[in-house]
Protein chains: 2
Amino acid sequence: MKKLKLSEKSFDLQKLNKFGTLMTLGNGYMGVRGVHEENLPIQRRGFFIAGIYNNTNEEEPEEIVNLPDVLGVELEIDGRPFSSLCGKIADYQRTLHMDRGEITHDYLWKSECGLQLQLSFHRLVAKHDQHAMASRITLTSLNKPVHLSIRTGIDAQQTNHGRQHLKEENVRVHDEQYMQGVYKTTRSDQSIVLSAACLYSHTCNVNYVSKNRQLVSEASTSLREAEPFTIEKFISVYTSLDEEEKVLPHLGLEKVKDLAALGYDEIRKASMDAWDKFWNEQRIEIHSSNKMDQLAVDFAQYHLQIMTPKHNNNLSMAAKGLTGEGYKGHVFWDTEIFMLPYHLYNEPETAKSLLEYRYNRLFPAKELAAQKGYKGVQFPWESARTGKEETPEYAAINIKTGKRQKVASALAEHHIVADVAFAVLHYYKVTEDKRFMREKGLELLKEVSEYWLSRTVERNGQFHILNVIGPDEYTEFIDNNAYTNYMVHYVLQETLKYMSQFNQKDLKQKARIEDALDRLYLPQVNEDMLIPQDDTFLNKPAIDLTKYKQTQGSQSILLDYSREEVNEMQVLKQADVVMLLYLFPHLFSQDVMKRNYRYYEERTIHDSSLSKAIHSIIAMRSGENERAYQLFQEACLIDLGPNPKSSDEGIHGASLGALWLAVSSFLNMQFRENTIHFDPQIPESWSYLKFPFYYRQRKMITEINGGKLYIRKVYGPPVYVEAFGQRHYLEEDQLLEIDKLANYQEEGS
Amino acid sequence: MKKLKLSEKSFDLQKLNKFGTLMTLGNGYMGVRGVHEENLPIQRRGFFIAGIYNNTNEEEPEEIVNLPDVLGVELEIDGRPFSSLCGKIADYQRTLHMDRGEITHDYLWKSECGLQLQLSFHRLVAKHDQHAMASRITLTSLNKPVHLSIRTGIDAQQTNHGRQHLKEENVRVHDEQYMQGVYKTTRSDQSIVLSAACLYSHTCNVNYVSKNRQLVSEASTSLREAEPFTIEKFISVYTSLDEEEKVLPHLGLEKVKDLAALGYDEIRKASMDAWDKFWNEQRIEIHSSNKMDQLAVDFAQYHLQIMTPKHNNNLSMAAKGLTGEGYKGHVFWDTEIFMLPYHLYNEPETAKSLLEYRYNRLFPAKELAAQKGYKGVQFPWESARTGKEETPEYAAINIKTGKRQKVASALAEHHIVADVAFAVLHYYKVTEDKRFMREKGLELLKEVSEYWLSRTVERNGQFHILNVIGPDEYTEFIDNNAYTNYMVHYVLQETLKYMSQFNQKDLKQKARIEDALDRLYLPQVNEDMLIPQDDTFLNKPAIDLTKYKQTQGSQSILLDYSREEVNEMQVLKQADVVMLLYLFPHLFSQDVMKRNYRYYEERTIHDSSLSKAIHSIIAMRSGENERAYQLFQEACLIDLGPNPKSSDEGIHGASLGALWLAVSSFLNMQFRENTIHFDPQIPESWSYLKFPFYYRQRKMITEINGGKLYIRKVYGPPVYVEAFGQRHYLEEDQLLEIDKLANYQEEGS
């Protein structure tokens with residue numbers, strides 16, 4: 001696993017916040033941005049705990065709280081503040097070791113007065129222990145004795161871009177060694193206890209200072225030439241989501257004592273073991289002539305690990321994970337449609353937990369539906385702690401009018417209500433978890449169905465879904481969005497099926513669903529073989545999008561056109577009908593798929609990071625394999641590409657989930673009850689692919705190597721495997737070798 | 001006035017926040033710290049408006065709000081973020097021009113890739129227009145064409161060390177040019193409207209962005225080699241202290257339009273005219289072989305100007321003025337005893353306004369007294385907007401116990417109640433403002449007297465004042481503090497006098513005051529000629545303070561001893577009996593003064609900035625002229641000295657006021673009704689002193705030059721002047737020359 005590294009070879013202010021995002025450490029419980037220990041201009045620190053949200057007043061949505069900083073270090077050398085910017089940096093190397101969830105950072109710093117200082121930083125968030133974080137800093141003056149002073153602790157001056165969410169309830173220093181800050185969110189009544197301890201390699205003069213929301217230890221010592229000085233810092237983190245508020249300080253203190261007793265190396269070893277286990281079980285391996293392919297997939301798997309709060313079914317995955325303040329830490333359809341499948345096919349328990357997050361919020365979703373005049377449940381477009389609608393009411397200022405614009409998504413992007421139900425169905429199909437379906441899933445499906453029954457409008461005997469926004473957010477407030485209508489139809493159909501299967505006796509509801517299924521309008525393929533994105537889309541004028549595609553991701557079209565103007569053109573932000581083709585491949589012929597892919601891709605700017613990987617999948621299914629691989633590679637660059645600023649506010653979680661979807665789609669798997677069908681078409685530049693997955697109690701590993709397909713079932717009941725027209729019965733620990741790939745690839749290319 | 005400059009000759013991170021404080025610009029309405037435009041590590045921005053206070057919850061004291069930053073600029077050169085730290089700085093010169101209230105800042109920056117960029121910054125807060133601020137930045141690439149991008153606007157991410165006091169109510173861009181942010185304090189319901197406009201020397205591509213509490217203009221342009229690019233930025237500031245909330249946006253917009261129409265140079269000219277007028281009227285001039293003497297006094301006068309809200313009698317001077325968050329912008333006895341005299345003897349209207357601030361808060365002071373079980377009024381130890389006690393309940397953490405320590409001053413430092421009354425009396429004696437005395441002063445004096453009548457405790461027929469803290473804050477909760485008791489005696493005495501003089505008929509109150517005057521215990525000079533600081537002080541052990549005096553100002557003794565331990569020793573933080581000698585020189589003989597000065601000075605660490613200048617005065621009065629000058633010089637260095645951090649949180653306002661007291665004491669003036677007595681003993685290194693002052697409708701200018709004393713009355717009724725045993729009658733615009741100074745100096749030296 002030598003290559004599980006993301007490295008920064010030179011110090012670059014321009015990419016400071018990009019790497020701050022990319023190099024986030026975390027364990028699903030918490031995430032800490034990959035910032036530098038020293039304060040730097042422009043640098044945005046970030047430390048987040050899944051589920052800790054707050055707003056500063058009732059008009060604002062709740063947002064994930066940027067917690068007190070525990071990593072910052074202020075150095076003074078011979079009484080002068082140290083800034084690495086003031087001097088020359090040599091031998092710079094900063095690396096995120098994804099294999100073990102650790103950042104290392106080394107460089108030689110030469111001051112203007114000739115001092116040569118070697119700095120070495122290690123940092124980790126423990127994978128094996130949700131509550132633990134540790135760092136180690138080693139400083140060596142290479143060519144003269146120096147007096148060193150180090151200031152570090154718990155800094156609650158941190159805000160969410162100026163919004164302060166925490167009250168400093170108490171700060172203490174226990175046993176003249178263990179710092180502890182107790183904080184409470186100002187309105188959501190959540191407690192956070194941060195404890196920190198520093199161990200020094202030398203006897204230091206240590207003072208503790210508590211002032212201005214900082215609790216810091218100030219240590220100073222004198223060093224001889226070439227004498228390394230090391231500080232290890234241990235941090236424990238507890239919140240009222242874990243335990244009763246009153247026991248948190250005790251837990252935090254005991255934990256930080258334990259950590260300090262273990263020391264950095266021991267903690268790292270235990271954390272590394274946990275990471276080893278993960279990678280051994282779940283790593284996708286790709287041998288490609290393009291190194292980015294493996295890196296991007298590793299990176300996606302790494303982030304999908306650190307962003308996912310598996311430990312608590314009251315939490316879900318934010319669009320930006322725990323890497324930044326972007327989208328305020330809110331949960332979107334990104335989770336159910338783009339990210340959940342990764343977990344579902346690897347750790348279905350995690351997928352269940354994510355669905356339970358929604359199930360546990362049926363009540364507020366019911367309230368929201370009622371408030372909008374609907375029945376059943378309306379999941380909010382943006383969800384956080386309470387399950388209420390958390391979409392900000394207003395977006396950025398419009399400089400032409402001087403006024404702020406209302407955010408449309410919460411008003412009409414209702415497909416999320418069907419998306420959540422889709423994910424429940426997806427979960428059930430992959431796990432056959434009858435208990436979940438009986439106890440929770442079906443209730444959710446029925447409530448969602450009720451919503452859509454009330455959301456449709458009858459016109460001339462047909463049911464229409466009016467005034468919605470589909471996945472394509474450049475087309476607002478339209479009627480009969482194809483994605484939405486088909487999605488709703490599917491959900492109603494499957495709900496009906498499982499109501500029968502699970503002996504749900506509500507005949508009235510069943511009858512109403514049956515009626516709706518009969519009468520729900522489904523946009524049909526027209527004479528041009530096009531599926532209309534909505535009732536009016538195909539009548540709108542198209543424009544040349546070349547200019548905007550060149551700057552895709554930046555929404556540059558909104559600099560030239562108002563949203564209202566964009567709405568009246570054939571301009572897509574992201575996949576819409578293509579999403580439909582992706583989710584329901586069997587509904588349309590290959591020809592229809594090809595035609596619609598071509599048509600809509602031309603009109604799609606890909607200003608959303610959710611777009612590329614899905615287009616890659618449909619390109620592949622349309623037989624455009626080269627284009628598919630090209631789109632996959634472009635999707636790999638959404639966070640890892642050269643744009644220095646696109647990830648400043650956090651990772652693109654859905655895009656990472658979709659990378660996994662795209663890789664899996666190169667295998668072209670189809671699951672039909674106890675048969676798994678493979679039709680692999682991996683990119684030509686890939687000589688090897690290893691792809692592990694879970695399906696109905698089975699752990700499977702697929703490999704493609706030297707033109708052959710290898711399938712191994714690690715555990716679980718026997719399964720039928722079909723590939724290249726052959727059908728095999730796969731028993732325990734049996735390795736299946738299927739040798740028709742070479743031919744196939746020739747056909748496909 | 002060429003020398004009215006404070007310059008920084010090289011860029012020094014260590015002194016960043018020191019110069020940020022020293023180079024504050026302001027006009028009494030607002031103050032803006034002398035920060036760099038670019039963001040730098042450690043740098044603390046600060047922008048304050050007198051009277052704008054808030055707390056984030058009811059348990060906290062209100063603090064002066066650190067307002068949205070309007071000066072910050074983010075530069076990008078050829079697409080890369082600019083930091084002056086990343087490169088070489090040459091020809092650095094940053095200067096506070098105290099003559100005109102402007103900062104200029106120039107340097108040449110050389111990047112690692114060889115780009116040479118000349119940067120020039122100008123900035124001012126208008127003296128002639130309370131609501132106006134302006135800046136100008138000129139950038140010139142000396143050796144190659146560059147693409148430049150400049151980002152500046154209104155940044156409401158600013159906090160008070162993490163405490164956010166403002167809600168962003170609205171942000172707008174008017175006419176695609178004028179940015180405006182409307183903010184409201186979260187609890188104190190004050191509105192602030194900031195408006196900003198940028199004018200560029202070149203046609204720029206300008207975008208406006210409102211996001212994350214920032215409203216910024218992003219301008220970009222391409223420059224040829226050696227082509228200067230200039231941006232002028234104009235800022236208008238209005239608050240609900242000025243006008244009704246609803247008209248503020250309009251006022252702000254009109255003002256910023258006016259400013260932009262004028263341009264930077266015109267605004268500077270008008271502001272400079274106002275500064276010229278001030279300096280011409282009030283500047284103290286000193287020709288000394290030590291240049292710091294003139295600089296320090298200029299600096300004191302400059303800051304006493306910019307910190308004083310003369311425009312509103314509901315505002316007073318904070319201990320740190322408008323230069324930092326230190327002491328939360330609170331008003332202490334510093335104002336009445338240390339700073340008010342400067343205004344009183346220059347602009348008595350300003351002194352009156354400061355007293356009215358207290359008068360307008362008699363009601364909360366009455367409530368505070370009642371709450372503590374006393375009658376009359378108890379002025380809070382720390383006062384802000386409401387007049388309630390604003391002293392924080394707890395100070396820093398005690399690491400030995402892990403607990404926070406209660407702040408004692410609010411509990412017992414009650415001399416402030418007498419100090420305010422003293423200032424009222426002082427004001428009346430200097431102005432004979434009968435209307436003020438009749439309408440406000442006397443009421444305040446009577447309420448203060450009532451307080452002290454209820455605050456005293458009878459023991460064996462004598463009245464004692466128990467459980468107080470005197471000016472010396474290292475001696476807490478003691479009985480019969482000499483300073484306090486004498487001060488109270490004086491206030492009662494004078495109150496009685498003016499009650500009679502102004503025909504106050506309250507015979508009962510008079511009788512009670514008379515009784516108290518008879519029976520109030522006044523610590524008497526003992527057999528060792530010492531005035532006991534309190535009942536127990538002289539019985540406590542003394543320790544060698546050499547070590548702590550070497551680090552005076554840092555409270556280093558508290559690192560070795562707990563406050564409780566310090567309390568049981570003869571250790572003074574600051575002048576206490578010496579303060580008494582300063583305020584009541586006639587109560588004690590010269591011998592007693594000398595003896596007590598020597599005794600207490602030895603035991604005083606001078607950990608308070610209020611101490612040095614007062615000791616200088618008493619040293620001088622004790623005939624220790626050299627020591628007096630030495631102490632004066634040390635007082636000059638409290639802000640201007642080499643300590644890089646002592647002024648980080650703000651200026652030492654009381655010390656600046658006390659510098660003026662010390663200079664005036666070199667003239668040794670005594671005011672006896674219509675006679676002014678001079679007994680000048682200026683330092684030997686001074687060849688010239690010009691000292692203007694006001695006394696009872698008269699504007700006087702005193703000069704000492706070539707051993708002669710010159711006295712001129714600029715306006716006002718005739719006055720008697722006594723010096724060196726001679727008495728003169730001084731009429732309109734007459735210049736008096738008195739020639740006995742030479743002799744006298746010989747005697748004195």
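Reply: A cavity is a set of grid points where a 1.4 Å probe fits but cannot get out. Rolling a probe the size of a water molecule over the atoms shows where empty space is left. The model considered here is predicted. By the definition above, the structure holds 14 cavities of 30 Å³ or more.

The largest cavity contains about 100 Å³ of space. Its lining is made up of 14 residues, and those closest to the centre are A:Glu37, A:Glu38, A:Leu75, A:Leu119 and A:Phe121. Sorted by class, the lining of the largest cavity comprises 10 nonpolar residues, two polar residues and two charged residues. Several strands of chain A take part: at least two lining residues come from each of β7 (73-77), β10 (102-110), β11 (116-125) and β12 (132-141).

UniProt, in an unreviewed entry, places the feature "domain: Glycoside hydrolase family 65 N-terminal" at residues 8-240 of chain A. That span is 53% strand and 3% helix, and its end C-alpha atoms lie 37 Å apart. A further UniProt annotation, also from an unreviewed entry, is "domain: Glycoside hydrolase family 65 C-terminal", which covers residues 669-728 of chain A. Residues 669-728 of chain A are 68% strand and 0% helix, with the end C-alpha atoms 15 Å apart.

Other local features lie elsewhere along chain A. A:Lys328 is not a glycine, yet A:Lys328 has a positive phi of about 60°. A:Lys328 is placed in the loop between α4 (291-306) and α5 (333-344) of chain A. A:Phe477, likewise not a glycine, has a positive phi of about 55°, and A:Phe477 sits in the loop between β24 (462-464) and α11 (482-501) of chain A. Most residues other than glycine have a negative phi.

Charged side chains also form pairs. Side chains of opposite charge can pair when their charged atoms come close. Over all chains, the structure holds 107 salt bridges. One of them joins the side chains of A:Glu349 and A:Lys352, at 3.8 Å from N to O. Because A:Glu349 and A:Lys352 are three residues apart in helix α6 (residues 348-359) of chain A, about one helical turn separates them.

Finally, the two copies may be compared.

Definitions and conventions: Residues numbered from 1 in each chain as written. Chains lettered and ligands numbered in written order. Predicted model: local features only at pLDDT ≥ 70, side-chain atom pairs only at ≥ 80, totals over all residues. Heavy atoms only, no water. 1 Å grid on protein atoms, 1.4 Å probe; cavity = no way out; pocket = protein on both sides within 12 Å on 5 of 7 lines; lining within 4 Å. Points joined across faces, edges and corners; volume = space filled by probe spheres on them. Helix = DSSP H or I, 4+ residues; strand = E, 2+ residues; numbered from the N terminus. Nonpolar A, V, L, I, M, F, W, Y, C, P; charged D, E, K, R; others polar. UniProt positions renumbered as here; feature names shortened; annotations may be inferred. Salt bridge = Lys/Arg side-chain N within 4 Å of Asp/Glu carboxyl O.
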